[in-house]
Amino acid sequence: MSVERLDALEARIRALVTLVQDLRKANAGLEAELRTTKDRLKAQEEINRRWEVERADIKARVERVLGEIEVLEGMDESKEAALG
């Protein structure tokens with residue numbers, strides 16, 4: 001093997017080593033980004049869960065108030081019928 005061919009092979013190997021190092025850095029960055037995204041998703045899911053609980057509570061309270069209003073309206077109708 002000539003010196004020129006060895007030099008070319010060495011240059012290619014160095015380029016491959018650099019490529020592998022760059023890919024490892026990129027992979028580490030992507031893994032960190034994935035962890036961050038998973039953490040954000042988990043936090044958002046918790047927020048959504050709390051909103052759903054709050055929504056259900058508000059719905060139950062509104063339905064209870066509406067039921068009380070219906071009872072009051074029924075009482076008014078009874079008084080009007082008794083007076084009329």
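This is a predicted model: local features need pLDDT of at least 70, side-chain atom pairs count only at pLDDT 80 or more; totals for chains, interfaces and linings use all residues.
The fold is simple. The protein has one helix and zero strands. Helix α1 covers residues 3-83. The C-alpha trace spans about 120 × 15 × 10 Å along its principal axes. The radius of gyration points the same way. A compact globule of 84 residues would have a value near 12 Å, but the protein has 36 Å.

Burial was examined next. Of the 84 residues, 0% count as buried. A residue is called buried when its relative accessible area is under 20%. The protein exposes about 8,200 Å². Carbon and sulfur atoms supply 58% of that area.

One nonpolar surface patch has an area of about 400 Å². I58, V62, V65, L66 and I69 make this patch. I58 lies in helix α1. Its relative accessibility is 43%, so I58 counts as partly exposed; the class runs between the cut-offs of 20% and 50%.

Charged side chains were then counted. The protein has 16 positive and 19 negative side chains. The centres of the two sets lie 11 Å apart. Side chains of opposite charge can pair when their charged atoms come close. The structure holds four salt bridges.

One of these bridges joins the side chains of R14 and E10, with an N to O distance of 2.5 Å. Both residues lie in helix α1. They are four residues apart, about one turn of the helix. R14 has 55% relative accessibility and therefore counts as exposed. E10 has a relative accessible area of 36%, so E10 is partly exposed.

A salt bridge also links E46 and R49, at 2.7 Å from N to O. These two residues of helix α1 are three residues apart, again about one turn of the helix. E46 counts as partly exposed because its relative accessibility is 32%. R49 is partly exposed too, with a relative accessible area of 45%. The pair belongs to a network of salt bridges that links E46, R49 and R50.

The side chains of R55 and E52 meet in a further salt bridge, with 3.5 Å between N and O. R55 and E52 both lie in helix α1, with a spacing of three residues, about one turn of the helix. R55 counts as exposed because its relative accessibility is 55%. E52 has a relative accessible area of 48%, so E52 is partly exposed.

Notes
Residues are numbered from 1 along each chain as its sequence is written. Side-chain values use heavy atoms; hydrogens and water are left out. The radius of gyration is taken over C-alpha atoms; the globule rule is 2.2 Å times the number of residues to the power 0.38. Buried means under 20% relative accessible area, exposed over 50%, partly exposed in between (1.4 Å probe, protein chains only). Accessible areas come from the Shrake-Rupley method with a 1.4 Å probe; for residues, only the protein chains shown count as cover. Lys and Arg count as positive and Asp and Glu as negative; His and the chain ends are not counted. The place of a charge is taken as NZ of Lys, CZ of Arg, CG of Asp or CD of Glu. Patches are made of residues with over 30% relative accessible area and no salt bridge: like charges are joined within 9 Å, nonpolar side chains (Val, Leu, Ile, Met, Phe, Trp, Tyr) within 5 Å.
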